[in-house]
Amino acid sequence: MADLSAASAGLAQLQGAFGKGDLTACKQLLSRLKLELTKLPALPPVYEQSANAQQQLVLARQALELAVYLSVKQGDEAAFERNYAQLRVYYADARALLPPSDQEASLTALNLLRLLVQNRIAEFHTELEVVPQQVLASPEVGQVVELEQWLMEGAYNKVLDARARAANEYWHHFLDQLSSTVRDEVASCSERAYASLTLADAQALLMLGSQAEAEAYAKQHGWEVSNGRITFKPAADKEGGAGGAPLPSLEIISHCLNYAREVERIV
């Protein structure tokens, strides 16, 4: 009972520091709390039965949920992965021993978003397959699934607009990374599709807040800006040579057709 009291006090201190936004204190308190949790016998993998076993499990789950949120505030994705891996046991293996958590849908969605942003698509789908139905049906998880579909479809305008509809503030860390990646992809396509664009068109295409932002973005990418217009680099400069070798289009088409015929024959 003494160990549970010490862990409970540690969690209360951590929650207080987290509420005040004192991340330095949170880091220290979390380390101490995790040491206290190792003294609780009802936690995985032991699962020792006792009168307060459920209390021990709930307390540990709350601590790890807070640890995941803390890792996002600190921008520490390695810590996020470690803490979520520990928390996942409480959402999966220990599920039958605990009452539902009101944070499960939010944190499950946040982990899926992390995998999506890190382009770990196979892991994203593996995780999605084991999400309980009631969590899968939550709006938070639904938003991440929708975001993945938009990425697969190339609906980049919807992806760039996703931050404004984020389920909560913790999404912003990952969505900012995703927006940057997607915006760079749109910029790369624009560079190949157009010789030049007005600043207004570039602002709209890249979904930037102002023409000044579009001009700053253009200069970061080495594009020429003058008279309210962006001029992209010539094709020769993009390829790093004088003109670059032309693509053997007919040969590529021929290979594709032969491949299609072979596949049809096999099927």
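My entries follow, from the whole chain down to single residues.

**Ground rules**

I am reading a predicted model, so I note that local features need pLDDT of at least 70 and side-chain atom pairs count only at pLDDT 80 or more, while totals for chains, interfaces and linings use all residues. Residues are numbered from 1 along each chain as its sequence is written, and side-chain values use heavy atoms, with hydrogens and water left out.

**The whole chain**

I counted 14 helices and 3 strands in the protein. These are DSSP runs, numbered from the N terminus: helices are H or I with at least four residues, strands are E with at least two.

Of the 267 residues, 37% count as buried. Buried means under 20% relative accessible area, exposed over 50%, and partly exposed in between, with a 1.4 Å probe and protein chains only.

I then looked at contacts, meaning heavy atoms within 4.5 Å. Among those with a separation of 6 or more, 60% are between residues 24 or more positions apart.

The protein exposes about 15100 Å², and carbon and sulfur atoms supply 53% of that area. Such areas come from the Shrake-Rupley method with a 1.4 Å probe; for residues, only the protein chains shown count as cover.

**The sheet**

In what order do the 3 strands of the sheet lie? I read β1-β3-β2, in an open sheet with antiparallel pairing. β1 (196-198) and β2 (224-226) stand at the edges with a single partner strand each, so one side of each has no neighbour in the sheet. From one strand to the next, the twist averages 20 degrees.

Two strands pair here if DSSP finds at least two bridges between them. β1 and β3 (residues 229-231) run antiparallel and are joined by 3 bridges. Leu197 stands opposite Ile230 in β3.

Helix α11 (residues 199-206) lies across β1, β2 and β3, and runs at about 90 degrees to β1. For that angle, axes are lines fitted to C-alpha atoms, for helices over the stretch in contact, and angles run from 0 to 180 degrees between N-to-C directions.

**Helix α12**

Which residues of α12 (residues 211-220) are buried? I found Ala214, Tyr217 and Ala218. They lie on the same side of α12, because they cover an arc of only 100 degrees around the axis; the arc is that of the directions from the helix axis to the C-beta atoms. Ala212, Lys219 and Gln220 are exposed on the face turned away from the buried side.

The cover over the buried residues of α12 includes α10 (171-193), α11, β2 and β3. Just after α12, Gly222 takes a positive phi of about 75 degrees.

**Helix α6**

**Asn83 in α4**

Is Asn83 buried or exposed? Asn83 counts as buried because its relative accessibility is 5%. I placed Asn83 in helix α4 (residues 77-91).

The Asn83 side chain makes a polar contact with the side chain of Lys34, at 2.6 Å. A polar contact is a pair of N or O atoms within 3.5 Å; within protein, one must be able to donate a hydrogen and the other to accept it, and residues adjacent in sequence count only if both atoms are side-chain atoms. Not counting residues up to four places away in sequence, Asn83 touches Lys34, Leu64, Ala67, Val68 and Ser71.

**Loops**

Tyr47 sits in the loop between α2 (23-37) and α3 (53-74) and is partly exposed, at 23% relative accessible area. Leaving aside neighbours within four places in sequence, Tyr47 is in contact with residues including Pro41, Leu57, Val89 and Leu97.

Pro45 is also in the loop between α2 and α3, and a cis peptide bond joins Pro44 and Pro45, with omega about 5 degrees.

Asn119, in the loop between α5 and α6, has a positive phi of about 60 degrees although it is not a glycine. Asn119 counts as exposed at 60% relative accessibility.

Asn227, in the loop between β2 and β3, has a positive phi near 55 degrees. Asn227 is exposed, with a relative accessible area of 81%.
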